[in-house]
Amino acid sequence: MNKKITLYGYWRSSAAYRVRIGLNLKQLSYESKSVHLVRNGGEQHDPQYRDLNASALVPVLVDGDVQLNQSLTILQYLDESYLCESSPDSLLIPEQTPLRYQALAMAQDIAMEIHPLNNLRVLQYLERELSCEQEVKMGWLHHWMSQGFHALEEKLAKHRKVYGESVYSLTDSPCIVDICLVPQVYNALRFDVDMSPYPLINSIVAACNQLPAFIDAMPENQADANV
């Protein structure tokens, strides 16, 4: 087992959540270092952490001489650098074309379109700089999440019409789409977004959340969840 990987993250960060799932699916051991995004004005702004990532965001993965931010890039790095010990053919990003690029596109739909509009720093800006009341802030969050989920539900349904049914998003085992989807749905439920219009998304998330790799990565199961 690999012993040198360090993941800087925060228990509630959905981007760090993605990387934890990826590390678990690849069966890689790693050291988790907490960067508390709220305490003391946010530890991500500390000069020592900004030396790791000048963007002051989590996660950051350090693997020997390799130091990476951006969760999707980290997942691609893990896929290209490590084989899963029990299943060497298991990949986070499907290998065959066009499925590989469909998976990357859907993952980006979540990580680049849905998530950035409801992450912590955006919500803090709405509140602190634009003086948005809680109701307005939640209206913003619900609008953009729901818009993204509607489109994703449709894309997943179309994929099934072409390629057939699957327990997971696109393939017979969880891939990068599932890795991004589960944390985003976690965020949605946390903020009381109505998920009833998305039965396909809900079924995929339910299937994923029965797997040890996803259970171990859940926010509440992280050491810094109660700190």
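What radius of gyration would a compact globule of 227 residues have, and what radius of gyration does the protein have? A compact globule with that number of residues would come near 17 Å, and the protein has 17 Å, which agrees. The radius of gyration is taken here over C-alpha atoms, and the globule rule is 2.2 Å times the number of residues to the power 0.38.

## Basis of the model

This is a predicted model, in which local features need pLDDT of at least 70 and side-chain atom pairs count only at pLDDT 80 or more, while totals for chains, interfaces and linings use all residues. Residues are numbered from 1 along each chain as its sequence is written, and side-chain values use heavy atoms, with hydrogens and water left out.

## Overall form and surface

Taken along the principal axes, the box filled by the C-alpha atoms of the protein is roughly 45 × 45 × 30 Å. Of the 227 residues, 50% count as buried, where buried means under 20% relative accessible area, exposed means over 50%, and partly exposed lies in between, with a 1.4 Å probe and protein chains only. The accessible surface comes to about 11500 Å², and 51% of it belongs to carbon and sulfur atoms; such areas come from the Shrake-Rupley method with a 1.4 Å probe, and for residues only the protein chains shown count as cover.

The protein carries 18 positive and 27 negative side chains, and the centres of these two sets lie 2 Å apart. In this count Lys and Arg are positive and Asp and Glu are negative, while His and the chain ends are not counted; the place of a charge is taken as NZ of Lys, CZ of Arg, CG of Asp or CD of Glu.

## Elements and domains

The secondary structure comes to nine helices and four strands, and from the N terminus on the elements run β-α-β-α-β-β-α-α-α-α-α-α-α. Helices (H or I, at least four residues) and strands (E, at least two) are DSSP runs, numbered from the N terminus.

The domain assignment gives domain 1 (5-89) and domain 2 (94-214), with bounds that come from an automatic or database domain assignment. The C-alpha centres of domain 1 and domain 2 lie 20 Å apart, and 17 residues of domain 1 are in contact with 20 residues of domain 2, where contact means heavy atoms within 4.5 Å. Among the contacts in the protein with a separation of 6 or more, 68% come from residues 24 or more positions apart.

Two cis peptide bonds can be located in the model. One joins Val-58 and Pro-59, with omega of about 5°, and Pro-59 lies in the loop between helix H2 (47-52) and strand E3 (60-63). Another joins Thr-97 and Pro-98, with omega of about 5°, and Pro-98 is in the loop between helix H3 (71-81) and helix H4 (99-114).

Gln-70 is not a glycine, although it has a positive phi of about 70°, and its place is in the loop between strand E4 (66-69) and H3. Asp-192, also not a glycine, has a positive phi of about 60° and sits in the loop between helix H7 (176-190) and helix H8 (199-208). Asp-192 is exposed, with a relative accessible area of 63%.

## Residues and their surroundings

Not counting residues up to four places away in sequence, His-115 touches Ser-14, Arg-18, Ile-110, Gln-184 and Asn-187; the C-alpha atoms of His-115 and Asn-187, 72 residues apart along the chain, are separated by 9.0 Å. Arg-121, in helix H5 (residues 120-128), touches Ser-55 and Leu-57 when residues up to four places away are not counted.

Leu-211 lies in the loop between H8 and helix H9 (212-217) and is partly exposed, with a relative accessible area of 22%. Leaving aside neighbours within four places in sequence, Leu-211 is in contact with Tyr-168 and Pro-174. Glu-133, in the loop between H5 and helix H6 (134-163), counts as exposed at 59% relative accessibility, and the C-alpha atoms of Glu-133 and Pro-47, 86 residues apart in sequence, are 31 Å apart in space.
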